[in-house]
Amino acid sequence: MVATKGLLARLKDGEDIIVAEGYVFEFERRGLLKAGAFVPEVVLENPEWVRQLHEEFVRAGSDVVLAFTYYGHREKLRVIGREQDIEALNINALKIARDVANKTNTLMAGNICNSTVYRSDNQASIEQAEAMFKEQIEWAVQEKADFIVAETFSELGEAMLALQCIQKYGNGLPAVVTLIPHSKNTTFDGLTYGEACRKLEDAGAAVVGVNCGRGPITTLPLLKEIRHSCKGPIAALPVPYRTTTEQPTFQSLTDPVTGVQAFPVDLPAHACSRSQIRQWAEEVKQLGVQYVGLCCGNASHYLREVAEVYGRKPVASKYTPDMTQHFIYGNRANNKTYYTTEVKRFL
């Protein structure tokens, strides 16, 4: 097997990294994960589905197989009464991801995320969060992750703790650290996203940026700020929903018919079009975003749009839409005018 070029080498050479996230929402949509706790029980109950989604995302252009350990931490498993399964879940997820990455010559990343227990004013909670990060990081090292993603942090404080834990327990693995942008243009602990990302970069993160929370349109201003503040590679992984200035996050979106909160089960009413994802990808590519993908709500047809904008031709590009072949809307020489004119007018 040919050795896979590592994350740091790719970044140093100016290469872009396409990253598929969004496993939680996709498995919930498929009826294999429960909205609410959002725990990746599918890893234990239907591991082949996890493998297949990894492979699907790689075919769509992902350079990274992200082990499905998001919300697979001790606190989340405690909530659903399965804390005893934490090691099995994490090890299984990492082994599946490693195997797919080996077979597809892609990178495999371990994954830690917001602990849901961290409080900056409570030392006991900080120690609890560190212990949770530590065990997941050490399992990722054990199962030969290429780097570790630490993501979806509302506060710089918790993001910095996660980075420090990767540096302390990660055996030298690079860290990608991203914050979740909420409705305000600052982190929960009061920093602009540019300031917070620059601090994470200065502290040694290989890549910094934002994931989740906001859709493409409302993420862009923050990315411009981060690009201005940071010297190195930046990350952008928004949710593919039509957030607006008035409703800047997918948690703040309301159902267009009922007016009630759309998050999480009624978010499909706000899904981005593929054209919107392509336009966003063009804008962030121009901005110099080097680590790019989509978070909750992602699907392979969206990721293919991003990959193609970034100059890739993944396996799934074989089936990129070509409406010239359509019997009504196409322009083939042998199309029948009965359909291209008469039936078309009737539509």
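Reading two helix features

Q: Where do helix 4 and helix 6 approach each other, and at what angle do they cross?

A: Two packed helices are described by the angle between their axes and the distance between the axes. Here, the axes of helix 4 (residues 47-59) and helix 6 (residues 86-104) come within 10 Å and cross at roughly 35 degrees. Axes are lines fitted to C-alpha atoms over the stretch in contact, with angles from 0 to 180 degrees between N-to-C directions. Helices are DSSP runs (H or I, at least four residues), and strands are E runs of at least two, numbered from the N terminus. This is a predicted model: local features need pLDDT of at least 70, side-chain atom pairs count only at pLDDT 80 or more, and totals for chains, interfaces and linings use all residues. Residues are numbered from 1 along each chain as its sequence is written, and side-chain values use heavy atoms, leaving out hydrogens and water.

Q: Which residues of helix 4 meet helix 6?

A: Contact means heavy atoms within 4.5 Å. On helix 4, they include Val-50, His-54 and Val-58. Their partners in helix 6 include Ile-96, Ala-97 and Val-100.

Q: Which residues of helix 11 are buried?

A: Buried means under 20% relative accessible area; exposed means over 50%; partly exposed lies in between (1.4 Å probe, protein chains only). Ile-277, Trp-280, Ala-281 and Val-284 are buried.

Q: What covers the buried residues of helix 11?

A: The cover includes helix 10 (216-229) and strand 7 (234-237).
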